[in-house]
Amino acid sequence: MKRIHSWWTRLRGLFRKEQLDRELDAEMASHLEMHIADNLRAGMTQEAARRDALLKLGGVEQTKESVRDRRGILFLETLLQDFRYALRSLVKNRGLSFVAIFALALGIGATTVMFSAVYNVFFDPLPYKNFSRYVVFRIQNLANVGGWKGRDFFSLEEVRAFREQNHVFEDVVVHNGYRLLYDNGKYIHHWPRGEEVTTNTFEFLGVPPLLGRTFSEEDSRPAAPPVFIMNYRLWQSEFAGDPKILNTVFILDGKPRTLVGIMPQRFNFFGASFWLPMSDSNAAGSVVGRLKPGVSFATAGADLNAIAHQLQKENPQGIFPDKFSIVPETLLDSFIGGFRKTLYALLAAVLLLLLIACSNVANLLLLRATVREREIVMRATLGASRLRLIRQLLAESFVLAAVASVAGCVLAYFALKGVVALIPEGTLPEEVLIRMNVPVLFAALGLTLLTTVLSGLAPALHIMSGDLQSRLTSSGKNIEGNVRHGKLRSSLVIGEVALSIVVLISAGLLMRSFFILTHADFGFDPQNVLYFRLALPKAYNTNIDVTREKKNALTRQVLARMQGLPGVTTVSESMLEPPLRYDWSDTIIPGKPHTERWETRFEVCSEGYFQILGLPLLHGRLFSEDDVNANRHVMVVNERFSRQYFPNEEPIGHKVKLEVLDRPFLDAPHDTYFEIVGIVPDYKTLGDDGRSWRAFPQTFIPYSVQGFSHRTYMARTFADPKVLLKNIQQEVRAIDPSVEIETSGTLTASLHEFYRRPQFELFTLGSFAFIGLVLVVVGIFGVMAYTVSRQTHEIGIRVALGAQRRDILSMVFVKSLGIIAAGVAIGLLASYESSRFLASEVSGVSISDPSTYGVVSFIVVAVGLLACYLPARRATRVDPMIALRYE
Amino acid sequence: MPVSFEVTYCIPIGHVARCCSIPKGQGRLHIVGDKKDVWQGTLALMVLKTLEALGPLHGYGIARRIEQTRGDLLSVNYGTLYPALLKLEQEGYIASEWGVSDNNRKAKYYKLTRAGGKQLEREARDWQQTTAILARFLASKERA
């Protein structure tokens with residue numbers, strides 16, 4: 001306590017200096033007065049009295065000094081002095097300070113942006129209790145050939161087995177997608193997808209409701225009054241956030257249900273817009289488990305694997321691939337997937353950028369330190385300790401870094417909004433909020449200290465190394481010192497150039513890859529094609545034999561009515577819309593054994609599909625409306641299919657089986673062979689890497705043979721898609737009022753949405769690369785300008801001896817070209833090594849693409865030389881008369 | 001003054017204080033060196049005692065009083081008093097206030113605070129204990 005009090009008053013002493021000094025003066029004066037008066041009374045002369053008083057005191061100044069020492073905190077005081085001095089010298093060199101702060105602010109700002117993203121996405125993404133221990137899992141088919149890839153939907157018995165037999169989970173919840181129709185009294189419409197969840201879900205997640213209550217166990221009992229909970233978004237969008245709707249009854253799927261709770265904004269478990277209770281005895285669906293503390297993923301996987309294999313043994317009729325394993329995944333990974341890699345790559349890039357900025361500032365400080373060398377040497381000679389001088393230089397870089405850090409944070413605050421807006425929807429779960437927060441600001445503070453050390457220490461140590469004394473005695477132009485500093489400066493610039501080349505090449509590769517992606521020729525025209533899918537009520541999904549015909553009838557009617565609408569040229573029905581969505585199957589052709597997987601993309605479609613994509617018939621015939629109506633097992637294949645599987649044969653007349661149709665749970669023609677009747681040209685669909693367009697072997701069969709697929713309708717139109725969609729909705733309602741359009745859009749719009757992800761990467765990395773280039777320009781300019789100014793004398797002599805303008809220019813350019821070339825060479829080598837990490841983000845272009853490397857090198861060299869232009873021009877204007885006198 | 005594993009004694013010799021530490025159970029003196037703090041420490045004690053005895057007083061008065069009671073045994077500059085006063089004030093043992101002296105001069109008066117009173121008691125007790133121990137020790141040394 002006493003100590004705190006003491007430090008507090010001492011700390012205050014630092015800031016009340018003048019007042020305290022005045023008081024001390026007065027106290028000393030009164031002391032002396034009293035002493036002198038006493039002495040006079042004792043009979044001394046005026047002069048002796050004064051002398052004695054001063055002597056006894058031990059000197060006014062000495063006393064004051066010792067009081068002052070005690071008053072503040074010496075260490076802090078000199079530190080303050082350092083900062084004051086640093087500020088003064090930075091203000092004096094405004095240009096240099098501005099450039100340094102600008103460079104650092106860009107570096108720190110960009111790093112803060114990426115750090116905010118990484119922190120919020122990986123460390124604080126979900127508002128759920130202990131979310132890092134949440135695990136989702138699925139059955140993964142291990143077979144190389146044949147079958148489906150896996151599932152994460154589990155039946156009643158499977159859920160019960162996982163729940164009761166596992167040794168790894170504290171608790172599990174089961175959830176299952178749910179769609180329902182809401183009757184608002186005027187009309188009936190679908191709500192966005194919701195979920196049925198076990199009643200422990202909300203307790204499991206540990207989030208209290210915004211209004212009302214969450215589920216209790218009673219809610220799932222068969223006799224319990226039906227209830228539901230709504231999410232914030234639905235509450236806002238449909239009911240304008242009216243709290244009075246709580247505890248009122250809604251007509252959902254034709255039955256009354258009471259709204260008992262509304263969840264807060266940051267609660268969107270599995271993107272559901274509402275939640276219905278599901279009883280434990282009735283729980284089927286996907287499972288989320290919370291690991292017991294200390295249980296690893298591998299343990300969990302092995303435990304669940306054993307349970308799943310036991311289930312397979314007990315129930316051979318169950319839906320299991322022959323060879324499978326359980327693949328566990330954190331909840332976060334299941335949401336974010338590949339975006340993790342993207343963010344880390346961007347973070348790496350931004351750290352390179354920060355390094356460039358630091359070496360830039362180091363360079364500028366070094367440059368200035370060289371100018372100030374005499375001053376520093378002088379101070380050292382006058383008794384400043386090395387530590388004090390280094391501290392002083394570090395104080396300068398700290399002040400720079402601190403100001404830059406504040407500017408960087410302001411920059412980051414705005415840039416972050418832009419970056420967040422660029423992140424494509426659906427990449428991150430809605431709960432993730434990317435924003436500046438306390439940990440991020442702490443990180444920015446850490447960055448400030450880091451940049452201080454990175455950018456300040458090298459120049460400080462460098463200038464302080466060696467024998468200071470001898471430098472004082474040598475003349476103003478210390479050749480040896482110049483050479484030493486020159487080398488460090490050049491290597492800093494070389495490093496900068498190399499780092500920027502790495503970032504630029506990455507950006508260049510992304511750019512080329514993006515260009516190739518967005519300028520692909522699909523083999524059909526995606527313009528002016530509207531698509532939509534229908535949400536079918538339960539009546540279409542109960543009895544397989546009845547519902548297939550019911551769906552087909554609906555499809556026929558919808559197609560006929562669409563065709564009759566104004567502005568529509570052609571219409572079609574298919575499973576999915578090209579080129580982004582596709583389904584595939586293993587292919588079996590009798591008499592053609594093969595060991596590798598024959599993956600074929602297939603469509604179940606109407607006869608109009610070929611017209612709408614503009615695929616001409618190459619050979620044989622297309623299937624006709626008649627084939628479709630008669631559910632004939634006919635098949636059209638594309639050229640690549642024919643080339644790949646029938647290299648030297650006529651494919652028409654052969655029979656082909658699609659293995660996917662054999663899945664026991666599908667309403668599809670099991671074990672059925674389709675006869676190839678015609679060949680159409682290839683068109684491109686999304687490659688397996690998700691980043692390129694490729695032609696695959698493809699087959700087309702009539703939609704009418706099956707009842708399991710999505711029904712996606714397309715219309716080529718010259719009408720406004722919005723208006724058309726409204727008309728179609730009316731037509732569909734006229735056929736069946738309970739059927740509704742679920743998703744809709746145009747092919748071009750879905751492509752643009754798809755491009756947003758690579759666009760995000762390109763934009764962020766591209767900005768980093770651009771900033772890096774700017775910093776390099778500043779770096780080169782700084783060094784060359786300084787070099788020229790130091791060489792004024794030499795240039796003057798050369799000019800006096802008859803050197804031409806050209807000679808001087810080439811002298812400057814050759815020197816900078818050397819530096820830039822060295823940087824470019826190192827950068828290219830480093831890029832060659834590091835671009836491997838980009839391989840998954842880049843497609844259609846080799847990661848060692850020579851033209852990208854060439855263009856980037858050219859740009860850097862050109863920009864670098866441009867940066868030398870001003871200094872070089874200044875060199876040519878040197879007047880020999882002035883230069884020779886210049887010291 | 002803490003008496004623990006190692007006992008430290010401080011003896012004013014001339015105007016320099018020497019500090020000695022004696023590991024328990026050993027009879028040898030280790031001179032560990034001069035300490036300016038010791039003079040400051042005893043000075044602080046004297047200041048507190050003076051303020052207790054005379055009530056609020058200015059720096060010059062305190063200096064004179066200490067000089068008188070001490071009988072000029074140690075002659076020290078008055079100036080060394082002021083950092084000590086500042087330290088005591090920072091520690092909250094004394095408080096200062098501008099006032100008017102007997103002969104109508106403006107002067108800064110120091111007075112003892114409550115914490116200062118307690119501190120004085122504590123210090124005085126410690127000091128007495130220390131001197132008692134030291135006296136006993138020196139006596140035993142003579143016998144040996």
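This is a predicted model: local features need pLDDT of at least 70, side-chain atom pairs count only at pLDDT 80 or more; totals for chains, interfaces and linings use all residues.
Q: Let us begin with the surface. Which residues make the nonpolar surface patch of about 420 Å²?
A: Patches are built from residues with over 30% relative accessible area and no salt bridge. Here, A:Val406, A:Val410, A:Tyr413 and A:Phe414 make the nonpolar patch. A:Val406 belongs to helix α14 of chain A, residues 386–422.

Q: Is A:Val406 buried or exposed?
A: Exposed means over 50% relative accessible area. A:Val406 has 55% relative accessibility, so A:Val406 counts as exposed.

Q: Which residues gather in a patch of positive charge on the surface?
A: Lys and Arg count as positive. In chain B, the patch consists of B:Arg114, B:Lys118, B:Arg122 and B:Arg125. Look for B:Lys118 in helix α4 of chain B, residues 114–143.

Q: Now the strands. Which residues of strand β9 of chain A are on the covered face, and which on the uncovered one?
A: In a regular strand, side chains alternate between the two faces of the sheet. Strand β9 of chain A spans residues 249–252. A:Phe250 and A:Leu252 are on its covered face. A:Val249 and A:Ile251 are on the uncovered one.

Q: How many bridges join strand β4 of chain A to β9(A)?
A: Strands pair if at least two bridges are found between them. Strand β4, residues 181–183, and β9(A) are joined by two bridges and run antiparallel. A:Tyr182 faces A:Leu252 of β9(A) across this pairing.

Q: What do β9(A) and β10(A) form?
A: They form a hairpin, with two residues between the strands. The pairing is antiparallel and has four bridges, with β10 covering residues 255–262 of chain A. A:Ile251 has A:Pro256 in β10(A) as its bridge partner. In the turn, A:Asp253 has a positive phi of about 50°.

Q: On to charge pairs. How many salt bridges are there over all chains?
A: A salt bridge needs a side-chain nitrogen of Lys or Arg within 4 Å of a carboxyl oxygen of Asp or Glu. The count over all chains is 36 salt bridges.

Q: Where do A:Asp280 and A:Arg163 lie in the chain?
A: Their side chains meet in a salt bridge, at 3.6 Å from N to O. The pair links distant parts of the chain, 117 residues apart. A:Asp280 is in the loop between β11 and β12 of chain A, and A:Arg163 is in helix α7 of chain A. A:Asp280 is partly exposed, at 40% relative accessible area. A:Arg163 is also partly exposed, with 24% relative accessibility.

Q: What are the parts that A:Asp525 and A:Arg716 tie together?
A: The closest N and O atoms of this salt bridge are 4.0 Å apart. A:Asp525 lies in the loop between α17 and β14 of chain A, and A:Arg716 in strand β25 of chain A, so the pair ties together parts 191 residues apart in sequence. A:Asp525 counts as partly exposed at 38% relative accessibility. A:Arg716 counts as buried at 17%.

Q: Why does A:Asp667 count as buried?
A: Buried means under 20% relative accessible area. A:Asp667 has 8% relative accessibility, so A:Asp667 counts as buried. Its salt-bridge partner is A:Arg548, at 2.7 Å from N to O. A:Arg548 lies in helix α18 of chain A and A:Asp667 in the loop between β20 and β21 of chain A; the pair ties together parts 119 residues apart in sequence. A:Arg548 is partly exposed, at 23%.

Q: Which residues are linked in a network of salt bridges?
A: A:Arg621, A:Asp626, A:Asp627 and A:Arg632 are linked in this way.

Definitions and conventions:
Residues are numbered from 1 along each chain as its sequence is written. Chains are lettered from A and ligands numbered from 1 in the order in which they are written. Side-chain values use heavy atoms; hydrogens and water are left out. Patches are made of residues with over 30% relative accessible area and no salt bridge: like charges are joined within 9 Å, nonpolar side chains (Val, Leu, Ile, Met, Phe, Trp, Tyr) within 5 Å. Accessible areas come from the Shrake-Rupley method with a 1.4 Å probe; for residues, only the protein chains shown count as cover. Buried means under 20% relative accessible area, exposed over 50%, partly exposed in between (1.4 Å probe, protein chains only). The place of a charge is taken as NZ of Lys, CZ of Arg, CG of Asp or CD of Glu.
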